[in-house]
Amino acid sequence: MLNVGMLTSGGDCQALNAAIRGVAKTLYHYYDDVVIYGFTDGYRGLMKKEFRVMTERDFSGILNIGGTILGTSRTQYKYINEPLEDGSDKLESMINTYKELNLDCLVILGGNGSHKTADLLRRNGLNIITLPKTIDNDLEGTSVSFGFNSALEIATNAIDRIHTTAASHSRVFILELMGHKTGWLTLHAGIAGGADIILIPELPYDINVVIDAITKRTEQGKKFTIIAMAEGALSEEEAAMTKKQRKATWKEDGFPSPAFRLGSRITAITGQEVRVTVPGHVQRGGEPSAYDRVLATRLGVEAARLIVNSQFGLMVCADNDQISTIPLEEVAGKTKLVNPECQLIRQAEDLGICLGQNV
Ligand code: F6P
């Protein structure tokens with residue numbers, strides 16, 4: 001008899017169900033007597049003993065379905081020491097559930113924040129295996145996370161669509177894309193969608209350089225400029241501030257998000273009409289791309305193989321075209337940033353894309 005728990009934690013993304021299915025199908029393939037406990041809404045379900053005993057049928061027909069059949073929630077690690085509503089300790093509750101159900105292993109599908117809690121559970125003696133999910137692609141230890149490719153397709157499609165309307169108007173268009181504090185999604189979508197300016201958090205932008213790039217395009221007779229801007233992108237002035245100063249400045253200016261702030265500066269300086277598009281959670285929604293289905297399935301299969309071999313404390317990761325593993329402690333609490341010196345940045349600059357900095 002093998003008892004396996006599964007949960008999805010943090011913001012959802014495409015191909016979570018494909019990964020869940022990959023784990024389950026492989027386990028059922030190797031064991032006749034496996035019991036899979038699906039915890040509801042992430043760590044919250046583990047804390048509150050809210051789960052479903054899954055059957056093989058639960059994992060059918062979900063390969064191409066977005067979201068997660070288990071539900072998810074954000075359980076921020078920084079509040080892990082704050083008690084639950086009923087006063088019980090979060091960590092203790094999770095360990096108790098694991099022990100009461102006599103689990104042999106807990107499979108956690110999560111991003112950056114979720115890995116800190118996963119590693120905490122590992123340090124407290126639980127058998128943990130994790131899978132890297134996030135549209136942000138900012139998880140250390142894996143060359144790519146599932147969800148990223150699907151979100152990239154959507155973000156690129158959004159830029160493509162802006163192109164056709166932009167071509168009809170003399171305007172500056174800013175697309176604000178997700179990615180939290182990293183620029184993976186914006187950099188890739190910006191290149192794939194042919195953006196003229198790409199702004200990412202790893203390269204704080206000089207407003208004068210952005211204005212020069214727009215003005216140059218106008219002088220060349222180009223009617224429009226498309227800016228792909230990461231939600232976490234900062235101007236050089238903002239990057240030089242403390243987090244507290246930034247928050248205060250933003251509260252005072254009252255803009256709903258960075259793209260609106262930049263748009264207002266562009267209009268003030270150039271007089272050009274600006275339109276802002278924020279695709280938001282659309283980027284995380286809908287069906288997974290074929291690439292993500294394959295990636296998530298492969299990660300799921302390898303996770304199940306680790307369980308079969310009693311190997312725990314690992315994140316299953318992509319090492320370019322190979323699926324591999326990395327110890328959880330090497331991943332937890334780390335963010336994978338775009339390296340400003342990387343080849344892709346240099347190639348974007350070679351193409352003449354403005355990255356907000358003087359080259
Ligand atoms: O981490 C994934 C992500 O979609 C980020 O890109 C974004 O900043 C954040 O989640 C949005 O979080 P929420 O769904 O909680 O609003």
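## Ligand site and domain arrangement

In this predicted model, an oxygen atom of the ligand lies 2.8 Å from an N or O atom in the side chain of Arg74. Two further distances, one to Gly179 and one to Glu231, are listed with it in the table below.

| Residue | Part of the residue | Distance from a ligand oxygen atom |
|---|---|---|
| Arg74 | N or O atom in the side chain | 2.8 Å |
| Gly179 | polar backbone atom | 3.1 Å |
| Glu231 | N or O atom in the side chain | 2.5 Å |

On its own, the ligand has 400 Å² of accessible area, and the protein covers 71% of that area.

The location of the ligand is the largest pocket. The residues that surround the ligand are Arg74, Ile135, Asp136, Met178, Gly179, His180, Glu231, His281 and Arg284. Sorted by class, this shell consists of four charged, three polar and two nonpolar residues. Among the charged residues of the shell are Arg74 and Glu231, whose side chains each have an N or O atom at the distances tabulated above.

The site can also be placed within the chain as a whole. The domain assignment divides the chain into domain 1, made of 2-146 + 288-330, and domain 2, made of 153-284. Domain 1 and domain 2 each contribute at least three residues to the shell around the ligand.

The relation between the two domains may be described in two ways. Their C-alpha centres are 35 Å apart. As for contact, nine residues of domain 1 meet nine residues of domain 2.

Methods. Residues numbered from 1 in each chain as written. Predicted model: local features only at pLDDT ≥ 70, side-chain atom pairs only at ≥ 80, totals over all residues. Heavy atoms only, no water. Near = heavy atom within 4 Å. Polar contact = N/O pair within 3.5 Å; in protein donor to acceptor, adjacent residues only side chain to side chain. Areas by Shrake-Rupley, 256 points an atom, 1.4 Å probe, with all protein chains shown as cover. 1 Å grid on protein atoms, 1.4 Å probe; cavity = no way out; pocket = protein on both sides within 12 Å on 5 of 7 lines; lining within 4 Å. Sits in = over half its atoms within 2 Å of the grid points. Domains from an automatic or database assignment. Contact = heavy atoms within 4.5 Å.
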